[in-house]
Amino acid sequence: MRAIAFYGKGGIGKSTLASNIAAALSCEGIKTILIGCDPKADSTINLLGRRIRPLLEVMRDEKRPPPEHFTAIGFNGVVCVEIGGPEPGVGCAGRGLIIGIRYLSEILDLEKFDLVIFDVPADIVCGGLAVVVKEGYAEGALIVTSDEFMSLYAANNLCRGFMSIGAKVGGLVYNRASESGMRYVASFSQKVDLPILGLVPISEEIKIAEARRKTLIEMNPFSNVSAMLVSLAHSIYENRFSAVPKWISADDLECMFLESA
Amino acid sequence: MVETSVIMHPRPSPTAAAMYTLRDLDVDVIVIHGPSGCCFRPARLLEKDGVKVVTSALLEDDFVFGSEGKLAKILKRVDELFKPKLIGLVGSCASMIIGEDLKKAAREAGVLHKTICCDVHSGSGDNTIGAIIALREAASMGFISLSEFERQKKMLEMATMLERTRGTARGEYIENRQGDLPREVARKILDVLSAGGKVTCVLNAKKETAFLYADIILAVYEASRRLGGRVQVLANLAPDIGLPRVRSYSKKILERFFREGVIVDSLTGGLDEYPLAGERAKDLILQSPPDLAVISGIPHAVQVERVVRTVAVSVGARAVANLKLLGYDYVVGERDAHQLSLGRNKDIQKSLLGQAIRKGMGR
């Protein structure tokens, strides 16, 4: 069983990539579960075409719900779960994730899957959001980034967090890629000692698929971007997740940007 | 050797301090917004003192999803059940860390105008911070004057400094210690009186704990009547300082002293002024040093241990160890002063040392 976690700046496309990777690998017979860890509970929409009731909400009513009360089967048999969490501005999303993941790993036999994907919200802003890699639910993390400064800034913070907790990282996934932006991501990749596992360009097709609540793999499996997603999925699935990243100071990151510009 | 700047032994909680202060402000009910086990012991003690204490009994779901709505419901229910004139509301580590808004819940419940909301938890810092938070909120709502708030704040800051310099907050780790046997210490006091010597009794107590320590003065006075010697009494029992509840403690003890024929030679301050009163007591002792000073309550506020022979009386095995380390000659650890002195009908309680003195003189 492989278990990996997607991290990256909020809005960078983690859920889009996670659901497309799950869809791509499921097409090759890889038994996959996608576990959305964002309180917004929207990681699995594109696999299911709808929202599902998050585990934490179900647990409020049932305390120890059976798997069928919070799991759903999505595109091509991908099992979907949303951990969920509080409304914006109240409660503690980190604590929710800790409770949800612990229960999930107790009640679900994750070993029966070939691939477990955790889609984790934002960067590691608190201990709760680090629990997926910190407590070993995922064997390693992927960092999704674009070539924008703030995205790489968040990626750098993630490297720092993973380094401090000793978490293993597979590499960077370059989303919304462009030829002109590659130099920033390549330079960052070198400095933090992480490979770029693949890239996905800015794509109208993906936007349209998402508007239809589908993955691109489902909507248009033979497009060029789908081919890139499949290639990325292979890189991820075959990755050994053995790197402990370095990180650089904010000043160095700014210099890197200026030099690459 | 690894040294830390952390005080590793357990310390009093700011939340508990806020609760005691709310009691002093005469709230009818205290609501703890936290798990049901938070501040369980102070809650029980305060209930003994006639204050109703309830909890919002937070559980994991409440931490995750927030619980301002639940708190509002509890406040409404409290209002229905107890019809309180004044409510005290304190936070807890769990509710404050997740950013709960106490005032919002009180507003939603329609009780904000009569609820003193204390945004406090056990990681807020020194325990006195909890008391200051409660007093500041009471002042902002007009329940106490600004000048009374400023006076109490100054005292609490002095108390904090005292604890850091001479109290149990001064060391990385202070061992527990049992102290000297009350009967042996009583014998030292009786010997001084029998020899015609002067014993100065200093009551330097914190609020209701005076009801326990005042017994030592009664016992020494009684012994002096039978055995001779002279007794000087310095006490922080000024009946015109502090909140009405605290003033009433002073009045009650002074009335009892009057009935028992005990003369207080000098009032060193109010019952919430022990850091300042301790300095005044020290000055008076230095003006006319006794053969033995028996200092009870917060003895480390009366810094005379290197100047005259001293008996220090306090509570808690760690406080006892600290007093020994400071150099007080004899140290007696009393039973829990809060436990003994809380209750609706307050009166002077029998102390271990007081009883040992009475027994030692054949009573």
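Analyst: In this predicted model, the domain assignment divides chain B into domain 1, covering residues 14-165, and domain 2, covering residues 182-360. Where the two touch, domain 1 of chain B contributes 12 residues to the contact and domain 2 of chain B contributes 13 residues.

On the side of domain 1 of chain B that touches domain 2 of chain B, helix H2 (40-48) and helix H8 (146-165) of chain B each supply at least two residues. Of the elements there, H8(B) gives the most to that side, with 5 residues. By class, the residues on this side of domain 1 of chain B are 6 nonpolar, 2 polar and 4 charged.

Turning to chain A, helix H6 (residues 149-165) and helix H7 (residues 182-192) of chain A pack with their axes 12 Å apart, at an angle of about 15°, and H6(A) and H7(A) are therefore roughly parallel to each other. The crossing in which H6(A) passes H7(A) is right-handed. From H6(A), the residues A:Leu152, A:Ala155, A:Asn156 and A:Cys159 meet A:Tyr184, A:Phe188 and A:Val192 of H7(A), a contact made up of 6 nonpolar residues and 1 polar residue, with no charged residues.

Finally, as for the two chains together, 7 residues of chain B are in contact with 10 residues of chain A, and the side of chain B that touches chain A has 4 nonpolar, 1 polar and 2 charged residues.

Technical notes: Residues numbered from 1 in each chain as written. Chains lettered and ligands numbered in written order. Predicted model: local features only at pLDDT ≥ 70, side-chain atom pairs only at ≥ 80, totals over all residues. Axes fitted to C-alpha atoms, helices over the stretch in contact; angles between N-to-C directions. Helix = DSSP H or I, 4+ residues; strand = E, 2+ residues; numbered from the N terminus. Parallel < 35°, antiparallel > 145°, perpendicular 65-115°, else oblique. Left-handed = near helix turned anticlockwise from the far one by under 90°. Nonpolar A, V, L, I, M, F, W, Y, C, P; charged D, E, K, R; others polar. Domains from an automatic or database assignment.
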